Amino acid sequence: MPQTPRESAAALLDDLKRKEQVWYKRVFSTPRVSDALPLGVKIFGVLCCLAACAGVFEIVMAFIHAVELFTSGGMDQVGMSTTVVTFLQLIDLFLLAGCFLVFGIRLLRGRRHYAALVMYVTYVLSALAFVFSLMLYGVTLRLLIYGFFIVVQIALQVYLDPGLRQERREHRRKQDAEAKREQEEGTLGRDLTGKGYIALNFFNLFWIFLVASFLGDIMESIVHVLIVDPGHWQDRAGLLYGPLSPIYGCGALLMTLFLNRLYKKNVVIIFFLSAIIGGAFEFFVSVFMQYTFGAVAWDYTGQFLSIGGRTCGWAMGCWGLLGVLWIKVLLPLLLRLIDLIPWNWRCGVTCVCAAFIVVDCVMSLQAYDCWYERLSGDPVTSPIQHFYAEHYDDAWMENRFQSMTINPHEAVRHGH
């Protein structure tokens, strides 16, 4: 008997709901398992609950104290920027403590799939806490604590997510065999599902960051010597060592993550999306550098469609062109370049390069921080400060980061 239009619509709606539930479970949840969590994990859950409750109490008291200072004018001397970042940090820490409370309760109830899901939220909140702490206090022990938290979160999620564990155990050999075959066929690194151009795994994303950082530094240096200041070479690197500009590396990562599925779309769409993404990222980096180190590396004040001097119309247009060039031309070439790395060397070469980048980034942050402290008139007392004052003094930093100026009064740190 044929269905009525209402029955057909109801059946279609039920089918869509069922597909949505399947998609949600596949993306946002982890498989249910019958094995109970060990006693040690549940004890850790109790500690998470206790620490979260104590943290919430301390954060609420700190928030009340900050509100009292703000209403009484006690924060006027530190400036509005420092005040805003301080309140944002307290809100972020409150949410982070709440997530750990929920996480601990899930562990106690044996809900490992929900506990693993909560960890995704804590990644974002922990990263924001890292950034706010760096803005307000510079490179301190707080950053090491946040970094330790992130490592613990990753380890816990890998342990709690049975899908990750099962996939590692059952498919590693199969994946290695398929990867070798794909390398021979020249398809290694492609998204074989057809939903995007490139597979978004750590290996591909790391090499995207590294190659784009290198190409970005070379491009900026050439543009400066030929157009901005003809005949005068300027070092445009953003790290202590290597011709690397991490702004372009991070920009390429954002372009890839957001536009990977749109690689077949019209170039006009890719251009405008790239312009928006690049402009927003450039604005954020400018705020971060100024609020953290009082550093200014570019200023578009007075130029067409300038937004606080942090980005402008023609800069966003350049990001749009770079996005089109990256998605349509450079990304396919990058995959071919990666495929030139012999299979037996891929893991070793990637690990060595990743270790170099991590050390370079950490040392660069410390060097920026010590440079800022010296310009602020802070005494050089700690071993780390002595090391950077001896090997990376003000003259060395000015010569290395020639496009950057630091004014400590523009930072938002407490005490400056």
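Buried here means under 20% relative accessible area, exposed over 50%, and partly exposed in between, with a 1.4 Å probe and protein chains only. The views below show a predicted model, in which local features need pLDDT of at least 70, side-chain atom pairs count only at pLDDT 80 or more, and totals for chains, interfaces and linings use all residues. Residues are numbered from 1 along each chain as its sequence is written, and side-chain values use heavy atoms, with hydrogens and water left out.

**View 1. Glu-373, a buried residue of helix α11.** Let's start with Glu-373, which sits in helix α11 (residues 346-375); helices are DSSP runs (H or I, at least four residues) numbered from the N terminus. Its relative accessibility is 15%, so Glu-373 counts as buried. Setting aside neighbours within four places in sequence, Glu-373 is in contact with Asp-378, Gln-385 and Arg-413, where contact means heavy atoms within 4.5 Å.

**View 2. Cys-347, an exposed residue of helix α11.** Helix α11 also holds Cys-347. With 56% relative accessibility, Cys-347 counts as exposed. Look across to Phe-203: the C-alpha atoms of Cys-347 and Phe-203 are separated by 8.8 Å, while the two residues are 144 residues apart along the chain.

**View 3. Ile-150 on helix α5.** Helix α5 spans residues 141-160 and includes Ile-150. Because its relative accessibility is 24%, Ile-150 counts as partly exposed. The C-alpha atom of Ile-150 is separated by 6.7 Å from that of Tyr-123, 27 residues apart along the chain.

**View 4. The packing of helix α7 against helix α8.** Helix α7 (residues 202-228) packs with α8 at an angle of about 130°, and their axes are 7 Å apart. Axes are lines fitted to C-alpha atoms, for helices over the stretch in contact, and angles run from 0 to 180 degrees between N-to-C directions. This angle makes α7 oblique to α8; angles under 35 degrees count as roughly parallel, over 145 as roughly antiparallel, 65 to 115 as roughly perpendicular and the rest as oblique. The residues in contact include Phe-209, Ala-212 and Gly-216 of α7, and Gly-249, Leu-253 and Leu-257 of α8. They divide into 11 nonpolar, 4 polar and 1 charged, with Ala, Val, Leu, Ile, Met, Phe, Trp, Tyr, Cys and Pro counted as nonpolar, Asp, Glu, Lys and Arg as charged, and the others, Gly among them, as polar.

**View 5. The packing of helix α8 against helix α9.** Next come helix α8 (residues 246-259) and helix α9 (residues 267-293), which pack at an angle of about 140° with axes 10 Å apart. That angle makes α8 oblique to α9. Among the contact residues are Ile-247, Leu-254 and Phe-258 of α8, together with Ile-270, Ile-277 and Phe-281 of α9. The contact of α8 with α9 has 11 nonpolar residues, 3 polar and no charged.

**View 6. The largest nonpolar core.** A nonpolar core is a set of buried Ala, Val, Leu, Ile, Met, Phe, Trp, Tyr and Cys residues joined through side-chain atoms within 4.5 Å. Of the 34 residues in the largest one, Met-135 and Met-397 touch the most other members. Helices α4 (112-137), α9 and α11 each supply at least two residues of this core, and the largest share, 7 residues, comes from α9. Leaving aside neighbours within four places in sequence, Met-135 is in contact with Val-85, Phe-288, Tyr-291, Thr-292, Val-412 and Arg-413. A second, separate core of 29 residues includes Phe-209, Trp-319, Ile-327 and Ile-338.
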